[in-house]
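This report describes a single protein chain together with its ligand.

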Amino acid sequence: MQTGITLNGFLTSKTNIELSKVIISLAEGCKQIARLVSNAGLSGVTGTTGTTNVQGETVQKLDDLSNKILMDYLRASETCAGYLSEENEDIVTLNQSGKYTIAVDPLDGSSNIDVAAPIGTIFCINERLSSAGNVTDADFLQQGTAAKAAGYFVYGSSTILVMSTGNGVFGFTLNTDNYEFYLSHSDVTTPASGKIYSINQGNAAKFDDKVAAFLNYCTTVDKETSRPYSLRYIGSMVGDLHRNLLKGGIFIYPANKGETKGKLRLLYECIPMAFVIENAGGTATNGKQRILELQPVELHERTAIFIGSANMVAKAQEFLNN
Ligand code: P6P
């Protein structure tokens, strides 16, 4: 079994000790989530809690468990001051003397748990703006350009941490023999063009004409530009974006007649994914502005997103600007 550079070894050379402690604590929590996900069908953690979260979405048992696990592990880091989660209405102070805050989607795509499709944990880490004591909303409402680290854990055929601290994108695969993360993808770059587009085509009746025109472009036969593209969409942002990061492609969740601001959350889904994609040479916009330059106003605000291969996002932008 391949070993090599461990996550801890990599972080020691790439980040400061306080940030390393946050990322390592997060990774330890995600190892527990990986264990629960891989045995979900046997350990009675599939299905729902019977409650809905602040988003009004049905909470899966593993959503709730994952959220609690991450808060416990990040509290133990001592350097993570505060926690924002899709599963909590308000921010939580973990360590009053901590230096960093973290925004997480503890288990993105969790409706896929029962069907064993890829799901994931998405995170974005910022330096707190307040000096000490309880964290404030302002500590989290920062533009993505200020992020100190961001990425995701994908729980799929293997468990992989993909992250950036602002200088390139690196992937670490979980060795299930010793439960250590090892560097497996060094300096990941996403292809400038691809042949995949990812969108919930079922919402077509709700898209505006400009989005519809781009989708028509994607499905028009044109051998020179490798069209028609292939539609690949599994309803799990982490699964769809991890595939597109490596193979090239564009992922779109537009604003539409049903979701006028889009569906995906800015702070703990779109900003971290945009941070990774941009550090891999791709681009991410809300159809008008760079995702990383949007100024967050509310903790759980949503945004439209067009993200992936630079040439494909640029082509989509041409249709949106028409
Ligand atoms: P829809 C999962 O609920 C999620 O937040 C993302 O992981 C995924 O990309 C999207 O929503 C799927 O939404 O409306 O297509 O089912």
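## The five-stranded sheet

An open sheet with mixed pairing is built from 5 strands in the order E12-E11-E13-E15-E14, where helices (H or I, at least four residues) and strands (E, at least two) are DSSP runs numbered from the N terminus, and where two strands pair if DSSP finds at least two bridges between them. Its edges are strand E12 (230-231) and strand E14 (283-285), each of which pairs on one side only. E14 and strand E15 (residues 305-308) are antiparallel and share 3 bridges, and Ala284 stands opposite Ile307 in E15. Helix H4 (residues 209-219) packs on this sheet, touching strand E11 (196-198), strand E13 (250-253) and E15, with contact taken as heavy atoms within 4.5 Å. The direction of H4 makes about 150 degrees with that of E11; axes are lines fitted to C-alpha atoms, for helices over the stretch in contact, and angles run from 0 to 180 degrees between N-to-C directions.

## Basis of the model

The model is predicted, and local features need pLDDT of at least 70, side-chain atom pairs count only at pLDDT 80 or more, and totals for chains, interfaces and linings use all residues. Residues are numbered from 1 along each chain as its sequence is written, and side-chain values use heavy atoms, with hydrogens and water left out.

Strand E7 (residues 149-155) runs antiparallel to strand E8 (residues 159-164), to which 6 bridges join it, and the bridge partner of Phe153 in E8 is Leu161.

## Backbone features in loops

The peptide bond from Arg227 to Pro228 is cis, with omega near 10 degrees, and Pro228 lies in the loop between H4 and E12. Tyr179, although not a glycine, has a positive phi of about 55 degrees; this residue is found in the loop between strand E9 (169-175) and E10.

## The ligand site

Around the ligand are 13 residues, of which Asp108, Asn200, Tyr233, Met237 and Tyr253 come nearest; a residue is near a molecule if one of its heavy atoms lies within 4 Å of it. The shell divides into 5 nonpolar, 4 polar and 4 charged residues.

Oxygen atoms of the ligand lie 2.9 Å from an N or O atom in the side chain of Asn200, 2.8 Å from a polar backbone atom of Met237 and 3.5 Å from a polar side-chain atom of Glu269. The protein covers 81% of the 400 Å² of accessible area that the ligand has on its own, by the Shrake-Rupley method with a 1.4 Å probe.

Definitions and conventions
Polar contact = N/O pair within 3.5 Å; in protein donor to acceptor, adjacent residues only side chain to side chain. Nonpolar A, V, L, I, M, F, W, Y, C, P; charged D, E, K, R; others polar.
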